[in-house]
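Trainee: I have not looked at this one before. Can you walk me through it?
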Amino acid sequence: MGVGYDDADHTIEREVFVPAAGGAATTVYGKFRSFNAAKVLRVKAVVATAGTSAQHGFDIYNGTTSIASLVLGTSTAGVTGTATVNSDLAAGDLFSVKSLADIVGKADFIYEYKRAD
């Protein structure tokens, strides 16, 4: 049984953690799917392995559509970057990131989301 729009759990924001994504350029990493329709609010990247060029970063995808980018450059481990995306995700659809040109840099990802309105 679903949660009604007037239920406090309907609007609570949640997070999911995806560890150490990155590597080959334009390869899909950091996959996230939701059982229910959701709205992805923000994506945070935390550098796990520093990139070796200005091209260390990630494109953010909702399905096959690029909706934002996070460029991390040569930032050291622990540095964060955040993209506000406010993107609807249908039940079971894929939300992911793809590496930019730097193949050395890696980042942990945190997706902040809530149930779809």
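Predicted model: local features only at pLDDT ≥ 70, side-chain atom pairs only at ≥ 80, totals over all residues.

Trainee: Which way does strand 1 run against strand 8, and how many bridges join them?
Mentor: Strand 1, residues 14–21, runs antiparallel to strand 8, with 6 bridges between the two. Ala 21 is opposite Ala 107 of strand 8.

Trainee: And strand 3 with strand 8, how many bridges there?
Mentor: Strand 3, residues 38–49, pairs with strand 8 over 10 bridges, also in the antiparallel sense. There, Lys 39 faces Lys 114 as its opposite residue in strand 8.

Trainee: New topic. Where does Ala 25 lie?
Mentor: Ala 25 is in the loop between strand 1 and strand 2. Its relative accessible area is 34%, so Ala 25 counts as partly exposed.

Trainee: What does Ala 25 touch beyond its sequence neighbours?
Mentor: Leaving out residues up to four places away in sequence, Ala 25 touches Ser 99, Leu 100, Ala 101 and Ile 103. Lys 98 is 73 residues from Ala 25 in sequence, but their C-alpha atoms are 7.3 Å apart.

Trainee: What is the strand order in the open sheet of 4 strands?
Mentor: The order is 2-7-4-5, with antiparallel pairing. Strands 2 and 5 are at the edges with a single partner strand each, so one side of each has no neighbour in the sheet. The twist averages 20° from one strand to the next.

Trainee: How many bridges pair strand 4 with strand 7?
Mentor: Strand 4 and strand 7 pair over 5 bridges, and Asn 62 stands opposite Phe 95 in strand 7.

Definitions and conventions. Residues numbered from 1 in each chain as written. Heavy atoms only, no water. Pairing = 2+ DSSP bridges. Buried < 20%, exposed > 50% of the residue type's maximum accessible area, 1.4 Å probe, protein only. Contact = heavy atoms within 4.5 Å. Axes fitted to C-alpha atoms, helices over the stretch in contact; angles between N-to-C directions.
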